[in-house]
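Dear colleague,

Please find below the structure that I am handing over to you. The findings follow directly after it.

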Amino acid sequence: MEFSSRTRQKHLRLAGDRRELYPHSLQFYLEPPTESIALAEFESFAVDRLRLLKVVENLGVSYVRNTDSYKSKLESELRKLKFPYRALAEDDYEARRKDHISHFILRLAYCQSEDLRRWFLQQEMDLFRYRFNQLTDSLMQKFLEHVNLTFEAVSEDLKTELANELWTSTPGLSLPKVKEQMFYKVGLADAVDLFRTRRVFIKDGFAYVPFKEIDAIVLNNYRTKLSKALALTARSLPSIQSDERLQPLLNHLSHSYVGPDYSVQKNTGKISLAQIDALSVKSFPLCMRQLHRALRDNHHLRHGGRMQYGLFLKGIGLTLEQALEFWKKEFIRGKVDADKFDKGYAYSIRHNYGKEGKRTDYTPYSCMKIIMSNPPSQGDYHGCPFRHSDPELLKQKLQSYKIPPSGITQILELVKGMHYQLACQKYFELTHEVDDIGFSLNHPNQYFTESQRLLSGGREPKKELSSSGNSQQKNNSQESMNSNSTPISSNTTADTELEGLEAYFTED
């Protein structure tokens, strides 16, 4: 007998059929689904989860995570798209089934390259963090048992003995709260995020983690498992690529939601080399402004800097010929003569433009790639200044760029909370004198494009008030933006992309 969706759901709830598949509203997605589903349902699940992950991405760079506004926006989207949003909804079988299947569909689509895997991993981590923190203490404990994450509880005697150490080493806990809180002994490998940010007490190779911080341990475990799973899925791609129904669909999905890669620019060749110095001051993000200044001062950049800055310049419109001229003129002002440049450096520039080697047309680095990979070492200037610079050096740099003291304080607070893209958005607002940038910043070339649009009159700037009251209001607004400040341009882009996806899926 066949059932409609509503009848089927009621039938499963009453009979408890296959309920053991999803004993908890949250999971690590360790086992792939084995049931057969219709292609139409496959497509519907994929589009809905992509829509959700795009919302997660936009909220992550527009709001401080775990604020009330962030939580309410994300819960609204989960509810609307019928994904589990309340752990207490224990009977919502269909939502759990959709959550399970849609994750694995996108895992197939987003395992195909390093950039895709990085994007998917970040959004799934943010989604998981929100959902885990919505659990009650008893449900958290139940989930930890479900995924076999069992840690040794610290005895009351030992906790009393170490009370002062636990209090001084654990931010946010008073001495009475320490005595009330359950602590666990966790291996250092599992608690790396906590001791790196000095949020736990460490003794004899163990981190003493309070129950309120256990989410960091769970997230680290989930990240490890999902990273390995994505790599294994990528190895299985040849068998999927032979399916003529699925491969075009998966390719279309993977190209729809990572955002523009800025590999092809309409303004190619329209920017002259003489303009770059002025543009670096008014329209470059801080990471590229730093690289440009270092290049002008030292007449050289190491490989990481040349890759990051060279691909950015390519993205804003420099042709191959202009790039060769730009780098050669600067390098020969230093210790590199023309012959050495032609033999040692010109090849890599042509390579970036797809004219050498495998003829790959390389794309400019996104914020996520810059933040999460290849950190700079001594003598390097690449990376994200908000992520990789010492706070005091960052403060000095911002002062030299005439950023007002109140603005510097706001930026440093965001950096302290590890909200690096929000810090860059604040830098944009301060250097362009706008109250709200109106978009979610996730790419240096997006920063340049939006800056040029604003400076050319494409958007109306809203001047910040100079009163101290408004300064305080601006400082607080980053912590809790009201619901009317959702970025307009990014939402419009997402809606346009969705229309394209749905049109693709409904084609004959």
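On the α16 side the contact is formed by Arg-306, Tyr-309, Gly-310 and Leu-313, while α17 contributes Phe-326, Trp-327 and Phe-331. Sorted by class, this contact comprises five nonpolar residues, one polar residue and one charged residue.

Please note that the model is predicted, so its confidence values, which run from 0 to 100, deserve attention. The mean pLDDT of the chain is 82, and 83% of the residues reach 70 or more. Among the elements, helix α15 (residues 286-298) has the highest confidence, at a mean of 97, and helix α26 (residues 468-477) the lowest, at 39.

As for the chain overall, it has 508 residues, of which 48% count as buried. It contains 27 helices and four strands. Of the contacts with a separation of 6 or more, 70% are between residues 24 or more positions apart. The accessible surface comes to about 25,600 Å², and carbon and sulfur atoms account for 50% of this area.

Two individual residues were also examined. Arg-131 is located in helix α5, which spans residues 114-133. Is Arg-131 buried or exposed? Its relative accessibility is 8%, and Arg-131 therefore counts as buried, the limit being under 20%. Apart from neighbours within four places in sequence, Arg-131 contacts Ser-25, Leu-26, Tyr-29, Pro-84 and Asp-99.

The other residue is Gly-60, which belongs to helix α2 (residues 39-60). With a relative accessible area of 9%, Gly-60 is likewise buried. When residues up to four places away in sequence are not counted, Gly-60 touches Arg-65 and Tyr-70. Gly-60 and Leu-422 are separated by 362 residues in sequence, yet their C-alpha atoms are 8.7 Å apart in space.

With kind regards

Note on methods: Residues numbered from 1 in each chain as written. Predicted model: local features only at pLDDT ≥ 70, side-chain atom pairs only at ≥ 80, totals over all residues. Heavy atoms only, no water. Helix = DSSP H or I, 4+ residues; strand = E, 2+ residues; numbered from the N terminus. Buried < 20%, exposed > 50% of the residue type's maximum accessible area, 1.4 Å probe, protein only. Contact = heavy atoms within 4.5 Å. Areas by Shrake-Rupley, 256 points an atom, 1.4 Å probe, with all protein chains shown as cover. Nonpolar A, V, L, I, M, F, W, Y, C, P; charged D, E, K, R; others polar. pLDDT = per-residue confidence, 0-100.
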